[in-house]
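Please open the structure in your viewer and keep the selection panel at hand.

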Amino acid sequence: MAVNLVNVENVSKVYGTRALLDGISLGVSEGDRIGVVGRNGDGKTTLIRMLARLEEADTGRVTHSGGLRIGVLTQHDSLDPAATVRHEVIGDLADHEWAGNAKVRDVLTGLFGGLDLPGFPKGLDTVIGPLSGGERRRIALAKLLIEEQDLIVLDEPTNHLDVEGISWLAEHLRSRRSALVCVTHDRWFLDQVCTRMWDVQRGDVYEYEGGYSDYVFARAERERIAATEEVKRQNLVRKELAWLRRGAPARTSKPRFRVEAANELIKDVPPPRDSSELMKFASSRLGKTVFDLEDVTVQAGPKVLLQHITWQLGPGDRIGLVGVNGAGKTSLLRALAEAARSDGEVQPAAGSVRVGKTVKLAYLSQEVAELDPTWRVLQAVQAVRERVDLGKGREMTAGQLCETFGFNKDKQWTPVGDLSGGERRRLQLLRLLMDEPNVLFLDEPTNDLDIETLTQLEDVLDGWPGSMIVISHDRFFVERTTDRVFALLGDGTLRMLPRGIDEYLERRKRMEETAAAAASVPAASAQTAAPERSAADQRAAKKELQKIERQLDKVSEKETKLHAAIAEQATDFAKVAELDAELRELAGQRDELELRWLELAEDA
């Protein structure tokens, strides 16, 4: 029987006139891996701080088992600014001691990319004081993970980590024997790591078995039976469940919810997006050309980030952009945005960017735009537009869209200066959508947003007709809102990945293994490199790549229509068999195209 580590008994916490937590009783046992979710401001962080006894409860008590070793990652670290990274993370261990420790090597490599901490000016001997908040947070996380604990409590551990870092952290935590309680908005991470969920809502905490996918199902079922939530919220939860059940990539391998019950709950829920309809509408708004890049080079100051990029963003394209930090994702968006704002007059360091005449771009950058702090939320939105056309006959007022983004009628009259960071982020995105753009660039749009707001944002984007590029470390959001993934692998190239983020992680791993193997071979015995292909050959390969990408899009559209036709003809077995044969033929075409694409990608 698992030993109980922490008991929370009848705990309450009040701020001002609001009961943040009201009579909560919970427990954490050995082997538990618990994810904590809920809206911003509902008490997630307060709950785990009381769990770790960093904050006192107003009533009730929190007890720890005798000798409990607990490690806590808070949103504000307690690192000594005058100390070095070596002192904080490794302590007094000699080089041969920590370098011989497999756990230390794994943590340093996983969080920093190498034992010498590439990216830090003096490696392990870098002084902490001048470092950024994200770098300090990674140091605090490394310090915690190197130590031995019975219970690890983490508050937003994936903040400031890239896709590879998040993937490594998930694998690392799964392999540890420590119990875990984790607050995070990263739904992919929750699915990979957690076996139980705590949902903090309006002073109460609801417990669920399983990871995030299981939680979505159980919550939808609970709300359907109890009928306590408004219809709109029920529909959003059911829509997300439908997406999870219909083959979303990288979900839990052995879902614990009942498949029959889940299918019954979503039987009348359509797919999240009607891609064909959105593509037609986007083409009518944008024409044939959105952005055409020809042999483009992108620089950040003197540093060349991308070279000889030939690429096309077409009408209705929904692109996820992933890559290592510093590879040029944001720089590429900025180069495209500058070309759009200047009607093509401002061009990158080399090559050309052609911008469609009808392009109306909205760019959500990582910086939160400053607004007049005395403005009310509704006033800030209405300053852009009173009503917005969301396509397909859908129109919303500024007030309605505010409610969709979590600003209820009372909150709409809050001064902008009183909003939290997450609320300002929501307001920034809301103002962009109110301006009715037909091209969206979203650079880390999920920062500071809770899961419920993310779900609402995804619902709005499902029906938004236009072209879109999303940069995000939130793997769930990228997979949910985009149709294709392109990667910047740090070698100056831009490549489409038919298998998405899984393929990106595999490629990055192979690149690191190849680099490590090359470094271990003496220079004198290195084989002669193959001659480089000519620029003309590379351009031809890139053009054929674009052609194949368009063919893959058409195959995807046909597959979507065939799936719909099979569902409609479910009782006509002869017709279903005929449609299934067509589907298998399309799958064969897709395999051939993807194989050819991979061959050309190496040439290009």
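**A guided tour**

Begin with the largest nonpolar core, which has 86 residues; F291, L293, F405, F441, I469 and Y504 have the most contacts inside it. A nonpolar core is a set of buried Ala, Val, Leu, Ile, Met, Phe, Trp, Tyr and Cys residues joined through side-chain atoms within 4.5 Å, where buried means under 20% relative accessible area with a 1.4 Å probe, protein chains only. Apart from this core lies another, of 47 residues, including V37 and L145.

The model is predicted: local features need pLDDT of at least 70, side-chain atom pairs count only at pLDDT 80 or more, and totals for chains, interfaces and linings use all residues. Residues are numbered from 1 along each chain as its sequence is written, and side-chain values use heavy atoms, without hydrogens and water.

Next, select the open sheet of 6 strands, ordered β14-β17-β18-β12-β19-β20 with mixed pairing. Strands are DSSP runs (E, at least two residues) numbered from the N terminus, and two strands pair if DSSP finds at least two bridges between them. At the edges stand β14 (361–364) and β20 (494–497), each with a single partner strand, so one side of each has no neighbour in the sheet.

Within this sheet, select β17 (residues 439–443) and β18 (residues 467–471), which pair in the parallel sense over 5 bridges. F441 stands opposite I469 in β18.

Finally, select β8 (residues 196–201), where 6 of 6 residues are buried. R196, W198 and V200 point one way from β8, while M197, D199 and Q201 point the other way. β8 pairs with β9 (residues 204–209) in the antiparallel sense over 6 bridges, and V200 stands opposite V205 in β9.

Notes. Buried < 20%, exposed > 50% of the residue type's maximum accessible area, 1.4 Å probe, protein only. Helix = DSSP H or I, 4+ residues; strand = E, 2+ residues; numbered from the N terminus.
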